[in-house]
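Walk through this model with the ligand as the starting point.

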Amino acid sequence: SSVGVVVVAAGSGSRLGADVPKAFVHLAGRPLLAHALDTVARMPGRAEVVVVAPAGLTDPGGPLWSGVVLPAGAVVVPGGAERTDSVAAGMAALGQGCEIVLVHDAARCLMPLAVFSRVVEAVRAGAAGAVPGLPVVDTVKTVDADGVITGTPERSTLRAVQTPQGFRREVLERAHASGLQATDDAALVELCGDDVVVVEGDPLGTKVTTADDLERAQWLLDRAAT
Ligand code: CTP
Ligand code: MG
């Protein structure tokens, strides 16, 4: 079954605080988006690719796109106000032939190819959805509006999840039709009652959110090059 990849890059990057949207911030001289697409382009088979960019930045010939190599046949569409809206816009642009959809954050620009493969394999093997995850090192608390702790989930049952998140297409479409918003797609699918499995993620896939994360990504690239 053929795979479609939606790369969401339409966020503003308010926590990073750069003068351009986060996906167009440079790492090693090229936009974060360029690094993310390099890996997507290496996926085996012919994955169909949709890039979701900020409205007004959807021309791949534009100056901020310098250094980005779009995978063959990739299209660019404008995103929406929330991440969920951007994913929906990207999914709507996928050809009908895609039976498996991967959603990937451009901000996870160093996520290795092996993780993409793991996610696709888990969905091919029959899962409704599969997401990469890592064990959590901190003890995590739930709190109420006053900051009073309401619970301590058993750490061994927790995973910090990443992207690419993969789903059977009809599962993800149904989840998005619910009209709910969430910070990841698995949450919407879980709410619909479909089972999502966690496969092994990779620390390289940590999301670039703050200026410190960008420095860390640069350090990781430098280390890989030596
Ligand atoms: N994203 C998107 N459309 C949005 C919001 C986010 O396509 N309306 C994308 C971002 O471009 C990013 C991914 O979703 O690749 C993860 O979101 P996040 O890390 O929160 O990025 P931003 O929303 O850009 O950052 P911030 O929340 O700090 O503003
Ligand atoms: Mg955000």
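How far does a backbone N or O atom of Ala107 lie from an oxygen atom of ligand 1? The distance is 3.4 Å, inside the limit for a polar contact, a pair of N or O atoms within 3.5 Å (within protein, one must be able to donate a hydrogen and the other to accept it, and residues adjacent in sequence count only if both atoms are side-chain atoms). A polar backbone atom of Gly13 is 2.8 Å from an oxygen atom of ligand 1. Taken alone, ligand 1 exposes 560 Å², and the protein buries 88% of that. Those areas come from the Shrake-Rupley method with a 1.4 Å probe; for residues, only the protein chains shown count as cover.

A word on the ground rules. The model is predicted, so local features need pLDDT of at least 70 and side-chain atom pairs pLDDT 80 or more, while totals for chains, interfaces and linings use all residues. Residues are numbered from 1 along each chain as written, chains are lettered from A and ligands numbered from 1 in written order, and side-chain values use heavy atoms, without hydrogens or water.

Next, the shell. It holds 18 residues around ligand 1, and Gly13, Ser14, Lys22, Ser86 and Lys207 come nearest. A residue is near if one of its heavy atoms lies within 4 Å. The shell divides into six nonpolar, six polar and six charged residues. Here Ala, Val, Leu, Ile, Met, Phe, Trp, Tyr, Cys and Pro count as nonpolar, Asp, Glu, Lys and Arg as charged, and the others, Gly among them, as polar.

The space taken by ligand 1 is the largest pocket. A molecule sits in a pocket if more than half of its atoms lie within 2 Å of the grid points. A pocket is an open set of points on a 1 Å grid over the protein atoms alone, with protein on both sides within 12 Å along at least five of seven lines; a cavity is a set where a 1.4 Å probe fits but cannot get out; lining residues have an atom within 4 Å of a point. The largest pocket has about 740 Å³ of space. Its lining has 32 residues, with Arg15, Lys22, Arg83, Asp105 and Lys207 closest to the centre.

The structure also holds one cavity of 30 Å³ or more. The largest cavity has a volume of about 60 Å³, the space filled by probe spheres set on grid points joined across faces, edges and corners.

Finally, the backbone. A cis peptide bond joins Thr163 and Pro164, with omega about 10°. Ala28 has a positive phi, near 50°.
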